[in-house]
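Open the model in a viewer and follow the stops below in order. Each stop says what to select and what is found there.

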Amino acid sequence: MSETKQTVTTPYSNMLAPLDLGFTTLKNRVLMGSMHVGLEEEKGGFEKLAAFYAARAKGGVGLIVTGGISPNIAGWVAPFAGRMSSLRHAKKHKVITQAVHAEGGKICMQILHSGRYGYHPLNVSASAVKSPITPFKPKSLSTRGVYNTIKDYAQCAAYAQSAGYDGVEIMGSEGYLINQFFCERTNFRDDEFGGSLENRARLAIETVKQTRAEVGANFIIIYRLSMLDLVEGGAPWEEVVYLAKAIEAAGATLINTGIGWHEARVPTIATSVPRAAFTWITQRMKEQVSLPLITTNRINTPEVAEDVLAKGHADMVSMARPFLADPDFVAKAMRNESDQINTCIACNQACLDHAFEQKRASCLVNPQACYETELIFKTVGQAKKLAVVGAGPAGLAFATYAAQRGHEVHIYDQASEIGGQFNYAKQVPGKEEFYETLRYYARMIDVHGVHLHLNTRVDAQVLANEGFAEVVMATGIKPRTLTIPGHNHPKVLSYLDVLRDHQPVGQKVAVIGAGGIGFDVSEYLVETQSLTTDLDKWLVHWGIDKAFSAPGALMPKTAPQPVATQPQAATASPVNREVYLLQRKTTKVGKGLGKTTGWIHRTSLANHNVKMLNGVSYEKVDDAGLHIMVGDEYKVLDVDNIIVCAGQESLRELEQPLAQLDIPVHIIGGAYEAGELDAKRAIRQGAELAAKI
Ligand code: FAD
Ligand code: NAP
Ligand code: SF4
């Protein structure tokens with residue numbers, strides 16, 4: 001097997017070089033990583049999946065890996081989840097493989113047995129030990145059951161081959177079944193699949209061997225190897241290397257990198273994780289094996305991908321969510337238009353959070369993802385002259401999609417820059433990726449010829465005079481203010497005073513409201529520096545041991561470490577700032593945050609000793625501070641400032657005047673409904689209106 005690198009005249013010559021696998025050649029070094037998107041189980045979902053994957057193949061990605069498909073019922077992720085254990089199942093997949101091949105792409109099916117992570121009562125594992133993140137205690141597989149499971153994997157691969165797939169990926173990481181057998185954390189068996197390293201590795205090795213025997217030489221087998229388990233009782237480095245070598249000998253074509261079990265208490269893909277945070281471990285493995293290695297996690301731009309490959313950390317990069325955000329990622333890089341890529345900001349809000357809620361996945365920044373056959377932007381026959389008031393996420397999405405369709409679009413904002421509230425989000429330490437969305441929209445404004453009018457507060461008469469056919473009101477929200485006695489006290493600030501106007505904040509602070517913004521403001525107040533650009537500090541902060549001296553690569557103390565403190569300034573400093581984060585509800589503070597990221601925010605603030613109180617009622621503000629009741633107890637929080645993050649109200653001042661002038665108005669985003677508003681909803685509303693106007 002030889003690897004050919006070709007010189008390509010773009011800045012991404014490593015990323016765009018073909019990869020020769022001997023019996024087949026991948027057109028570049030970019031793999032679209034496996035994502036279960038929820039269409040797998042939806043009625044009519046396979047046609048939608050075909051369109052979803054075909055769009056990515058058309059966009060030039062070298063190899064696609066599907067979401068996980070179980071080889072048998074016990075391996076289901078959830079009841080009736082995708083499974084391939086018959087020719088009938090395989091036949092349904094043909095529409096996917098044909099659509100991808102028609103676009104010149106290649107696609108592998110991931111075979112995923114979820115083991116004890118299976119969210120159903122039929123789940124099985126190496127031993128009968130429940131996982132901390134699922135309610136169902138697994139049954140321990142009998143020895144015969146393990147041999148049957150290996151056969152099921154191999155048979156599943158053969159069915160995938162008959163369905164037209166170019167290969168399979170055997171999922172051996174993230175804490176799923178094969179990982180559960182391999183690690184002492186979850187394997188307490190005393191048969192030939194437990195105890196010694198050789199025995200614990202047997203399931204993985206036999207699965208690859210039998211799969212190769214079943215599918216022949218000319219079929220891709222990727223093995224996803226857990227290189228960093230990031231849990232106690234995970235594999236030590238020597239064992240990971242042993243398995244990698246054995247997997248190579250067993251006939252795998254490529255090894256992909258797996259980082260962290262799902263139950264690990266270390267963030268691995270959230271937005272606060274530095275870009276390419278884990279490629280060093282793939283680089284270390286490159287010294288041990290000779291088959292091509294794929295690296296992964298938080299690679300989201302061609303520049304980062306190119307850098308990782310140029311440094312020799314891997315032979316290929318895997319990106320999953322970036323292909324939800326932009327199907328044309330590779331094609332744009334090939335055209336040297338990386339500034340036109342809609343970048344994944346790693347928020348998880350529309351992808352992973354949806355997957356965990358058993359909803360169809362999509363993407364916050366690209367609402368068309370997984371809706372390729374439903375949300376369509378057709379070129380218009382007759383262009384209209386349209387005004388958009390407000391260049392926040394809702395207005396920007398509408399304006400750029402409507403202009404893409406051919407309408408003449410004018411967008412107005414009273415501010416000096418586009419972005420609305422995203423301009424405050426991007427300042428929060430660990431949320432720097434939010435800049436990328438604004439960079440993308442700025443570029444789309446140019447590309448689609450949207451007329452941008454900044455520093456322009458418009459009224460209804462101006463819009464009427466300009467002769468707009470229709471007006472889109474995307475004026476957003478205003479922060480809710482307090483009504484308690486003392487709400488006008490100089491100690492009281494709104495989150496806009498802090499994040500937009502950068503008013504000074506004292507050393508002792510009470511934050512009223514523990515929604516997303518209350519958490520972000522607290523983070524802003526206590527974090528001395530963002531760690532997203534300082535990988536080594538970030539690894540130490542989360543207890544990851546780059547030296548891999550203990551199993552699982554965790555430092556002995558797994559709790560996150562505070563960032564090294566800077567010398568205390570005379571003025572208010574985030575270091576040791578005393579912050580109270582308050583809510584009226586009696587539920588756990590932060591319960592409403594994102595399903596897959598809320599724990600990171602809670603851990604981060606707890607680590608900074610932010611005091612989170614629930615069941616609070618607010619009495620008054622005076623020179624002494626904030627007076628509250630917590631249950632029956634009266635307390636005065638002796639604070640310098642009270643920052644109000646108590647939700648928002650719609651800003652729709654233009655609605656009545658426009659109606660009086662008989663101008664058709666559409667209202668989107670926060671202006672339409674402030675309750676539970678987020679950028680995901682704002683952008684989708686803008687896109688949906690643009691598709692039909
Ligand atoms: P806005 O963003 O409020 O934009 C409205 C725009 O209209 C503004 O630019 C305003 O200047 C302009 N405008 C208003 N009236 C006029 C007028 N008369 N003339 C001209 N211009 C006018 N959401 C998430 O999904 N995920 C997050 O992680 C997240 N983090 C956040 C963190 C912070 C600190 C904040 C403040 C918000 C965060 N949000 C987040 C919320 C998200 O930013 C909002 O839901 C989103 O911006 C709402 O979009 P919008 O377009 O409806 O309104
Ligand atoms: P929010 O999530 O609705 O939170 C508002 C908070 O204010 C709640 O904790 C509420 O809790 C409290 N509150 C409501 N009315 C109040 C009143 N009259 N007096 C005192 N407290 C009151 O809204 P947000 O924090 O403003 O966020 C806005 C949107 O941005 C949200 O939809 C959020 O999803 C999104 N966002 C998301 C993220 C993210 O990381 N995903 C980050 C930031 C923002 P009690 O009623 O219990 O007091
Ligand atoms: Fe990335 Fe957020 Fe889109 Fe998921 S929803 S793909 S994390 S931008």
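**Two ligands and their surroundings**

Begin with helix 17, which gives 3 residues to the shell around ligand 2, the largest share. Keep in mind that this is a predicted model.

Now select the whole shell of ligand 2. It holds 21 residues, and the nearest are Ala514, Ile517, Arg584, Lys585 and Leu677. By class, 7 of the residues in this shell are nonpolar, 7 polar and 7 charged. Domain 2 (385–478 + 649–692) and domain 3 (481–529 + 565–646) each supply at least three residues to the shell around ligand 2.

Next, show the backbone atoms. An oxygen atom of ligand 2 is 2.8 Å from a backbone N or O atom of Lys585. For Ala514, the distance from a backbone N or O atom to an oxygen atom of ligand 2 is 3.0 Å, and for Cys645 it is 3.4 Å. On its own, ligand 2 has 900 Å² of accessible area, of which the protein covers 75%.

Move on to ligand 1. Its surroundings comprise 34 residues, with Gln349, Asp413, Lys431, Gly670 and Ala679 the closest. The shell around ligand 1 has 17 nonpolar, 11 polar and 6 charged residues.

Select Asp413: an N or O atom in its side chain is 2.6 Å from an oxygen atom of ligand 1. Then select Lys431, where a polar side-chain atom lies 2.7 Å from an oxygen atom of ligand 1. The protein buries 92% of the 1,000 Å² that ligand 1 exposes when taken alone.

Finish with helix 21, which gives the most to the shell around ligand 1, 3 residues. Colour by domain to see where ligand 1 sits: domain 2 and domain 3 both give residues to its shell, so ligand 1 lies between them.

Methods. Residues numbered from 1 in each chain as written. Chains lettered and ligands numbered in written order. Predicted model: local features only at pLDDT ≥ 70, side-chain atom pairs only at ≥ 80, totals over all residues. Heavy atoms only, no water. Near = heavy atom within 4 Å. Polar contact = N/O pair within 3.5 Å; in protein donor to acceptor, adjacent residues only side chain to side chain. Areas by Shrake-Rupley, 256 points an atom, 1.4 Å probe, with all protein chains shown as cover. Helix = DSSP H or I, 4+ residues; strand = E, 2+ residues; numbered from the N terminus. Nonpolar A, V, L, I, M, F, W, Y, C, P; charged D, E, K, R; others polar. Domains from an automatic or database assignment.
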